Amino acid sequence: MHDWKLQPARDLGLPLSERLRSTHRESGTGELLAQLAWWGAARSYLKLAHRVDVIGQANLPKVPPFVLIANHSSHLDALVLATALPGRLRGCVFPIVAGDTFFETPAVSLFAATMLNALPLWRKRAGRHEMADLRERLTGGSCVFILFPEGTRSRDGAMGRFKPGLGMLVAGTNVPVVPCHLEGAFSAMPPGSNWPRAGQRVRARIGTPQTYGDELESRQGWERIAADAERRVRTLSPDAPVSTTDQ
Amino acid sequence: MNDAVRQRLFDVRQAFTDPVVFWLSIVVTSLLAIAPVVILALSRAGKVDTVRRHELMLRWRSWMILVPMMALPVLAGAAYFIVGVGILSLLCYREYARATGLFRERIASLLVVAGIGAITFTVIDNWYNFFVALPSLTIILIVTACILSDRPQGYIQRVGLAVLGYMLFGVCLGHLGYFANSPGYRPIVFLLLMATELNDIFGYITGKLFGRRKLAPQTSPNKTIGGAIGAATLTLILVATLGHYVFRGTPLDQPVHLIALGLIVGVLGQMGDLLLSSVKRDVGIKDMGSLLPGHGGLLDRFDSLVLVAPAAFHYIGYFDQVESYPWPRIFTGSG
């Protein structure tokens, strides 16, 4: 027999402004409809204006949880990654975004929370506590995180070093990390530009998932994970020397 | 759409044509105006401490927003009122779904929302037969759609929660809107809203004065038998007295019938309150939300209407045929 499990929303009773910024936020039917509309529009736009081409979609795990990571050079990046995921995952996809950019003013946080379903990470005070909250969310529920381990958009288009924060989320868990390399998003909408340049093609290459269940939950372990993930994203780049290790 | 229908739906000028509505509006406005004076006077006299005074003032401030939000749509016209009830149903369902966890079941939740939309449509349309058919049809949709996801684990919980939510906040609360399809709906709705809300306040006051034995301590530790009887008695007197003016000249205008109506409002209002308390206890939360400072969520305030609306609707309809006024159906009718 299956017992009833009544589990209220984890963000129940929070005032609206706190609710939007909470990493425990859970969206309901209204938000889901808003997200379907937004991602539908974003998908059509990317297809039409940037001819987005996604290679290796078969590498995506069929069920959550997993973390999708990529190089970061444009505001388009999260849109490309989110629309590359199958529609049935909509509602459990959470882009992890910079709190200091997307959750500072009420209007922008309302947009980020309702339309993007984004979870905030404050870059200046992302301590163990915040990371533990996100880790619990990832391992406990059916979540897909979209994460840019560089921590910021590259100003010259070249990929930077990955920060160990990714490792804090997945070390010692069976949550797969899916590497992805994005190409063309920098030319389409580099940091500092307000509007994307239509016509610039964007390409996403998705690699094979990797889990870090045996990795230690320590500074060294996190850094090894970050370095490994960085290498995996680099090998997906078309400029990379042909790799034989991942096939 | 003929002129009578248009007038009923949209004509703001009809707001105060009924003397009962006019006088009740004046009474309610003055009550709201003197409430802070009374609270301050009680505080000066040392009858209430600072904490309670703060809580009472918080509640009063919420009432200052709630009362116009409830009264204005009723006064403005049937269309505004019905849409208002539809929005209220959706917001109440949202709080229920978030409290029980039903909101994670996308399909079931979406169907309940669609069902509430359909109820609101039939009420505006004045299509009583479809209004009566919708509960069973929507339940068919919910139980079948939940089969299709092929997850028998937790099927009964999903379907059970969805059906209960739809019945309470879609169907039961939808009856409140259907009152607006009778020509003189304003005094009836005013009477019900006011009596139901005052019923809670009567319970609060008489409970403080006479409450000793607990009514249902496991469900709601603050409710007392004295408060419950006191509230039901005062509500009964209020409804029977005002009802005499509201239903003047109809078969309902008999002391026995009016007292029965008063009992329905007084008893079912409190039952609605206890129903929500049971849900909250079962789930293990204190308030349904944080929308209304001092009250909690929207449901903490409107729970008592959920059961009163359908019972009063069918009771009044038994004498007065609210559901079958000869208005044409607006969208689906030929006229």
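Predicted model: local features only at pLDDT ≥ 70, side-chain atom pairs only at ≥ 80, totals over all residues.
**Interface between chain B and chain A**

The interface brings 24 residues of chain B into contact with 23 residues of chain A. Between them the two chains bury about 1,800 Å², with carbon and sulfur atoms accounting for 53% of that area. On the chain B side, the greatest losses of area to chain A fall on Arg98(B), Arg106(B) and Gln157(B), which together make up 34% of what that side buries.

Polar interactions also link the two chains. Nine residue pairs are in polar contact between chain B and chain A, counting pairs with both residues at pLDDT 80 or more. The side of chain B that touches chain A draws two or more residues from each of helix H4 (78-100), helix H5 (106-125), helix H7 (155-178) and helix H10 (255-283) of chain B. Sorted by class, that side of chain B comprises nine nonpolar, nine polar and six charged residues.

**Salt bridges**

Over all chains, the whole structure holds 24 salt bridges, and the count between chain B and chain A is two. The table gives one pair that joins the chains and one pair within chain B.

| Salt-bridge pair | N to O distance |
|---|---|
| Glu26(A) and Arg104(B) | 2.8 Å |
| Asp200(B) and Arg301(B) | 3.4 Å |

Chain A contains an open sheet of seven strands with mixed pairing, in the order S1-S7-S6-S2-S5-S3-S4. Strand S1 (53-55) and strand S4 (119-121) of chain A are the edge strands, each pairing on one side only. On average, neighbouring strands of this sheet are turned by 25° against each other, direction ignored.

Within the sheet, strand S6 (residues 177-183) and strand S7 (residues 203-206) of chain A pair in the antiparallel sense over four bridges. His181(A) has Arg205(A), in S7(A), as its bridge partner.

Two helices of chain A may be described together with these strands. Helix H9 (residues 219-236) of chain A packs on the sheet and touches S2, S6 and S7 of chain A, its direction making about 40° with that of S6(A). Helix H6 (residues 128-140) of chain A lies across strand S2 (66-70), strand S3 (93-98), S4 and strand S5 (144-147) of chain A, and runs at about 150° to S4(A).

Definitions and conventions
Residues numbered from 1 in each chain as written. Chains lettered and ligands numbered in written order. Heavy atoms only, no water. Contact = heavy atoms within 4.5 Å. Buried area = accessible area lost by both parts, 1.4 Å probe. Salt bridge = Lys/Arg side-chain N within 4 Å of Asp/Glu carboxyl O. Polar contact = N/O pair within 3.5 Å; in protein donor to acceptor, adjacent residues only side chain to side chain. Nonpolar A, V, L, I, M, F, W, Y, C, P; charged D, E, K, R; others polar. Pairing = 2+ DSSP bridges. Axes fitted to C-alpha atoms, helices over the stretch in contact; angles between N-to-C directions.
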